[in-house]
Every structure is written in structure tokens, then in C-alpha cells.
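Please load the entry in a viewer and keep the selection panel at hand.

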Amino acid sequence: MGLLLLLIIGAAMCEDQAAGAENATMSMDNVTVDANVTSNVTAEAAPLSLQYIWSLSLSSGEQITMALNQSGSELFGSAKYEGAEPWNGVVVGSVNDNSVDLVLTALKGKSLVPIVLKGSYSEDTITGTYSVYSPTGVVDSGKFTAMWINPDTSVYTPAVITEAAPPAPAAQTNATETEETTTTKQPTQLSTRKFFDVTEKKEEIFSSPASIIPPAMGMSALT
């Protein structure tokens, strides 16, 4: 009887140990599965890094330089065009897997011109299509290609914009000066008349009728 009891107790202990070992194995398996799931989620969540200086070519012929910074999947930065009519602009967008969406807003003169770019990244290059918008709608569209040229975005410098000199004001001429300039001054002509000395003709004068000389005027007036 005692031996049978010992055998029963030993069998129960063996079953308990086997169950504990199986539970431990299952727990370890769960930990392994959880670790794999976490690793996969982390790998999928890591966005593609596009933080570079890019050379962007539009099919319209414009060659634009972009400096993209990145925070997670969000993209932001600056852009410039240094052609005949240079401009500066800002860029915002996002990256999702290999898809890249950007909106480049250029300051052309005194107007803000948005350029929407939709493309995909592959082998250091973004390719896709673009559309240029105005307040009335799309004014231009085509294809673009962007290649990164520098990983250091801190060396980016904006385009130098030279403001056109204002037109010179019309010359204002003083009216008086104009009149003096345009009026032909006639030279002063000296009189060619000979001075008449009345004393030389006093005899003839006084031989004339008395009514010619006023009574108040005597000979003293002519001497």
C-alpha cells in the first residue's frame, strides 16, 4: 500500500513538471513571436530618407535646386531658380514607401506660383509628373526628374535677386529757363540818329512865330 501511494505521488509530480515545462516553452515562443512582430513593425515604419540637396529638371526647361529636410515622413525645405529671371521658394511634402508628394511654391516677381510634384523614388532619383497652377487653374504640366547632388543641406544658399532700378524721372525744365532758352534775344540796336544841339539853331528858332515857344520858356532855357 505504501509503495502504491509513492508511485501515485511520483506520477503526479512528473505530470506537473511536464506541464510546467510545456507552459515555459509556450511562453518563450510567445516572446519570440512578439519580438518578430515588433521588429517588422519598426522596419515598416521607418520612412525613406530624402534629406538631400536635389537638382530638379522640369520638361519646360527650368532647372531648379531643392534642399529637402525631413522629420519622419514629412518633407520641408527651400528651392531656387537661378536662370534669366531668378526666384526663391519653399517646399513641403511627404514620403510614403517610395511615393513622394511635394508642393513647391515659387515667388516669381510679386506672385506666388505653386508647382505640385507627384513621383516615386528609385536609385537616388525621383521621377514623376508636375503641374503649375495659377488662380484660374493649371497653366503648365509635364514630367520631372530630380537627382540628389549633396547630402549636406546646410550648404544650400538662396538665389540672389537683383531688383530692377526704378525708371529715371522725366526731366523737368523750368518754364522761365525754357522761355529764356527758346526765345531769341534781339541785340540792342544803338540809335543812329545824330544828337541835335538846339543851341546851334537858336537863331532860327527865335525867328519863328512866338507861338512855337511857350511864354514861360525864355532864352535861358536854351543856353
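Which residues does Met66 touch, not counting residues up to four places away in sequence? Select Met66 together with Tyr52, Ile53, Trp54, Leu56, Ser78, Ala79, Val91, Leu102 and Leu104, the residues that it touches; contact means heavy atoms within 4.5 Å. The model is predicted, with local features requiring pLDDT of at least 70 and side-chain atom pairs pLDDT 80 or more, whereas totals for chains, interfaces and linings use all residues. Residues are numbered from 1 along each chain as its sequence is written, and side-chain values use heavy atoms, without hydrogens and water.

Next, select Trp54, Leu56, Met66, Leu104 and Leu117, which have the most contacts inside the largest nonpolar core, a set of 27 residues. Such a core joins buried (under 20% relative accessible area, 1.4 Å probe, protein chains only) Ala, Val, Leu, Ile, Met, Phe, Trp, Tyr and Cys residues through side-chain atoms within 4.5 Å. Strands that each supply at least two residues of this core include S1 (53–58), S2 (63–71) and S8 (137–150).

Now colour by secondary structure: the protein chain has three helices and eight strands, with helices (H or I, at least four residues) and strands (E, at least two) taken as DSSP runs numbered from the N terminus. Their order from the N terminus is α-β-β-β-β-β-β-β-β-α-α.

Finally, select Val103 in strand S5 (residues 99–108). Val103 counts as partly exposed because its relative accessibility is 33%, the class between buried and exposed (over 50%).
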